[in-house]
Amino acid sequence: MEIQLWRNLLSPYELAVRELVVKFNHIIREHKEKDLYSPMEQVIGRVKSIASILEKMQRKGIPFDRLEAEVEDIAGIRIICQFEEDIDAVVSIIQKCSDMEIKYEKNYLINVKESGYRSYHLIIYYTVQTIDGPRRLQAEIQIRTLAMNFWATIEHSLQYKYKGNMPPHVRERLSKAAAAILLLDREMSSVRSEIMDAQNFSQLQTNLVADILNNIENLYKFSSKREVKKIQDEFFRVYESNNLQQLERFHRQLDIITEGYRAQAVTKEFMA
């Protein structure tokens, strides 16, 4: 296949990856803006390289006229979670996406590969808009924990190095590492609630501080610098106390003050 034809083939998949990464990152941002725990920690996207596509076609005996039908992971999305329990939550989110149709799922958490590989895969159909009209493409979504991803990245590098002929002693060490990763995920799950509480506290505090600073900045338009300086000093005092309840109370009071000044400004403008 000519280089230009490869570019034409892969271009819609590049668009699909960009769109899917944006969609999932937006879901992460929505959770944070609403002070909710996000089951997604990170989203990574890639389009399979030409060399990887050719290697897979050769290994599986896929003819060129069946390339897009049988190479299901030309577009790949990887969603990284903190905890194994988050994976089910992410799958549920994807199942509810009206613009993604699930072709099938592979649960390598239950059906662990012989190598020790653990992950959750979905093959989806996703439609992109091109100058030639809509294109319905396949994409693979991998969902795994941070620990699983670390192991899988190493295993993939070793498989690439040894071309499928990994020495027994390396395979054995990799298997032991997979067992250690499983224990790590279980250990992290045992303290999941404590970690989530700490992260939710931090996210809520971050959102409150951002909103407070925005209100203080807006007050400069309506109030005197002296008044704003007093409010700002009070904010720093409350913030240094590291007391979330006090910060929430200050936030509510500042909202009332800000709305009051805005109302005064609107009234003056109307009377003028």
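Visitor: How many residues does helix H6 have, and what span is expected for helix H6 at 1.5 Å a residue?
Guide: The expected span of a helix is 1.5 Å times one less than its number of residues. In this predicted model, helix H6 covers residues 168-190 and has 23 residues. From its first C-alpha to its last, H6 reaches 33 Å, close to the expected value of 33 Å.

Visitor: Which residues of H6 are buried, and what covers them?
Guide: Buried here means under 20% relative accessible area. The residues of H6 that are buried are Val170, Leu174, Ala178, Ile181, Asp185 and Ser189. Their cover includes strand S5 (133-145), helix H4 (84-95), helix H5 (146-162) and helix H7 (192-222).

Visitor: How many aromatic pairs are there, and what kind is the pair of tyrosine 108 and tyrosine 117?
Guide: Rings pair if their centres lie within 6.5 Å, and planes over 60 degrees apart count as edge-to-face. The count comes to 5 aromatic pairs. For tyrosine 108 and tyrosine 117 the ring centres are 5.8 Å apart and the planes stand at 70 degrees, so this pair is edge-to-face.

Visitor: Are tyrosine 108 and tyrosine 117 buried or exposed, and where does lysine 113 lie relative to tyrosine 108?
Guide: Tyrosine 108 and tyrosine 117 are both buried. Lysine 113 has its charged end over the ring of tyrosine 117, 5.0 Å from the centre. Lysine 113 also lies over the face of tyrosine 108, where the distance to the ring centre is 4.9 Å.

Visitor: What kind of pair do the rings of phenylalanine 235 and phenylalanine 250 form?
Guide: Both phenylalanine 235 and phenylalanine 250 are buried. Their ring centres are 6.2 Å apart and their planes are at 35 degrees, so the pair is tilted.

Visitor: How many residues apart in sequence are the parts that phenylalanine 235 and phenylalanine 250 tie together?
Guide: Ring pairs link Phe235 and Phe250 into a cluster with Phe236 and Tyr239. Phenylalanine 235 belongs to helix H8 (residues 225-240) and phenylalanine 250 to helix H9 (residues 244-271), so the parts tied together by this pair are 15 residues apart in sequence.

Visitor: What radius of gyration does the protein have?
Guide: The protein has 9 helices and 5 strands, and its C-alpha trace spans about 80 × 50 × 30 Å along the principal axes. A compact globule of 272 residues would have a radius of gyration near 19 Å, but the value for the protein is 26 Å.

Visitor: What share of the residues of the protein count as buried?
Guide: The protein exposes about 16,700 Å², of which carbon and sulfur atoms supply 53%. Of its 272 residues, the share that counts as buried is 38%.

Methods
Residues are numbered from 1 along each chain as its sequence is written. This is a predicted model: local features need pLDDT of at least 70, side-chain atom pairs count only at pLDDT 80 or more; totals for chains, interfaces and linings use all residues. Side-chain values use heavy atoms; hydrogens and water are left out. Rings of Phe, Tyr and Trp (its six-membered ring) pair if their centres lie within 6.5 Å; planes under 30 degrees apart count as stacked, over 60 as edge-to-face and the rest as tilted. Buried means under 20% relative accessible area, exposed over 50%, partly exposed in between (1.4 Å probe, protein chains only). Helices (H or I, at least four residues) and strands (E, at least two) are DSSP runs, numbered from the N terminus. A charge sits over a ring if NZ of Lys or CZ of Arg is within 6 Å of the ring centre and within 35 degrees of the ring normal. Contact means heavy atoms within 4.5 Å. The radius of gyration is taken over C-alpha atoms; the globule rule is 2.2 Å times the number of residues to the power 0.38. Accessible areas come from the Shrake-Rupley method with a 1.4 Å probe; for residues, only the protein chains shown count as cover.
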